Amino acid sequence: MMMNERTVIIDNVDPQIFYGVNNNNINLIRNLFPKLRMAARGNVIKVIGAPEETAEFENKIHEIQAHAAKYNKLTEDAIIDIVRGEAPAEVNAEGVIIYGQNGKPIAPRNVNQTKMVKSFGQNDLTFALGPAGTGKTYIAIALAVSALKNKQCRKIILSRPAVEAGEKLGFLPGDMKDKIDPYLQPLYDALEDMVPPLKLKEYMEAGTIQIAPLAFMRGRTLNDAIIILDEAQNTTRHQMKMFLTRLGQNAKMIVTGDATQIDLPRSTQSGLLQALRILRGVKGIGIIEYEKKDIVRHPLVQRIVDAYEHREKEEDEENGETGRETGE
């Protein structure tokens, strides 16, 4: 009988997910194809056997890989179903944007998150405004990761203005990266919830996912990308205009912010507030405004927000102030 060798590349899923704990998944695959001799290392699987059997093996591996990439997990039951030619049991996928770590479905959890997903599909620029805990940044990053996995973009760029909220950069230890990273940590946290560790490391090293302070955006034209600006209330007017004009071909932007949490000097107007006044109603731009009722963190968070707002209102009344100036 004629034998041939076939090489199959695992390139669309984290090998740790594909191979399984203690190589359980690849050992199961080996047992399901007893007539083939198989050697697996890294993202390469080599098999030797009859041509029709190695061809069938490659087809099944691609199906298994696609399933693992979609759900971010791979069970033994799913492998057996695919090899037998049966469709694995579908997870309830209604409204799911992406499957995060261990197959956790990430989907809109309130009306405004659903509106944000719809706006992203319809517009090249979406503003998402609202208090902390509404999930606006988390949904934005989920939309970006989904677009990258579906090859709707070539890279993701995440940015924040490095504005000091009570701390001074100069007093933080380390080099500039060490000083800046604490400002960007919430973005790393969201990514780690959605992308397997090895895949995320690969994306970061290749520049497929970039996380940088807003100042690093100057002079760039961003094509084939999903660009997210978080904490946009802390941009100046010039920074906001600079950021918005980076939008290139086949690119989309999401700008998130909370107008009640401005850390700029009181004499400096927020670029986010100015942009909303200028751009509201412009075709191709969506604006989603979250409310306190949209908070999806611990229920206590909403009560904390309420208590602080109540106290700040009392202080403004006592001081005869009307809050931060939002005009020119």
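Predicted model: local features only at pLDDT ≥ 70, side-chain atom pairs only at ≥ 80, totals over all residues.
User: Why is Ala-206 called exposed?

Analyst: Happy to show you. Exposed means over 50% relative accessible area. Ala-206 has 58% relative accessibility, so Ala-206 counts as exposed. Ala-206 lies in helix H8. The C-alpha atom of Ala-206 is separated by 9.7 Å from that of Lys-155, and the two residues are 51 apart along the chain.

User: Which residues of H8 are buried?

Analyst: In helix H8, which covers residues 197–206, they are Lys-199, Leu-200 and Tyr-203. For that label the relative accessible area has to be under 20%.

User: What makes the buried residues of H8 line one face of the helix?

Analyst: Picture yourself looking down the axis of H8: the buried residues fall within an arc of 100°, so they line one face. On the face turned away from the buried side, H8 carries Pro-197 and Glu-205, which are exposed. Just after H8 comes Gly-207, with a positive phi of about 80°.

User: What makes the largest pocket a pocket, and what is its volume?

Analyst: A pocket is an open set of grid points, whereas in a cavity the probe cannot get out. The largest pocket has a volume of about 1,200 Å³. It is lined by 44 residues, and the closest to its centre are Ala-132, Gly-133, Lys-136, Glu-231 and Arg-297. Elements that give two or more residues to this lining include helix H6 (136–149), helix H7 (176–194) and strand S10 (252–257).

User: Which element gives the most to that lining?

Analyst: That is H11, with six residues.

User: How do the lining residues divide into nonpolar, polar and charged?

Analyst: The lining of the largest pocket has 20 nonpolar, eleven polar and 13 charged residues.

User: How do you know where the predictor is confident?

Analyst: The pLDDT gives the predictor's confidence in each residue, on a scale from 0 to 100. The protein chain averages 86, and 89% of the residues score at least 70. Confidence is highest in strand S6 (residues 125–129), at 97, and lowest in H7, at a mean of 77.

User: Where does the pLDDT stay under 50?

Analyst: One such stretch is residues 322–328, for which the model has 16 contacts beyond four places in sequence. Over residues 164–172 the pLDDT is also below 50, and that stretch has nine contacts beyond near neighbours in sequence.

Methods: Residues numbered from 1 in each chain as written. Heavy atoms only, no water. 1 Å grid on protein atoms, 1.4 Å probe; cavity = no way out; pocket = protein on both sides within 12 Å on 5 of 7 lines; lining within 4 Å. Points joined across faces, edges and corners; volume = space filled by probe spheres on them. Helix = DSSP H or I, 4+ residues; strand = E, 2+ residues; numbered from the N terminus. Nonpolar A, V, L, I, M, F, W, Y, C, P; charged D, E, K, R; others polar. Buried < 20%, exposed > 50% of the residue type's maximum accessible area, 1.4 Å probe, protein only. Arc of directions from axis to C-beta. Contact = heavy atoms within 4.5 Å.
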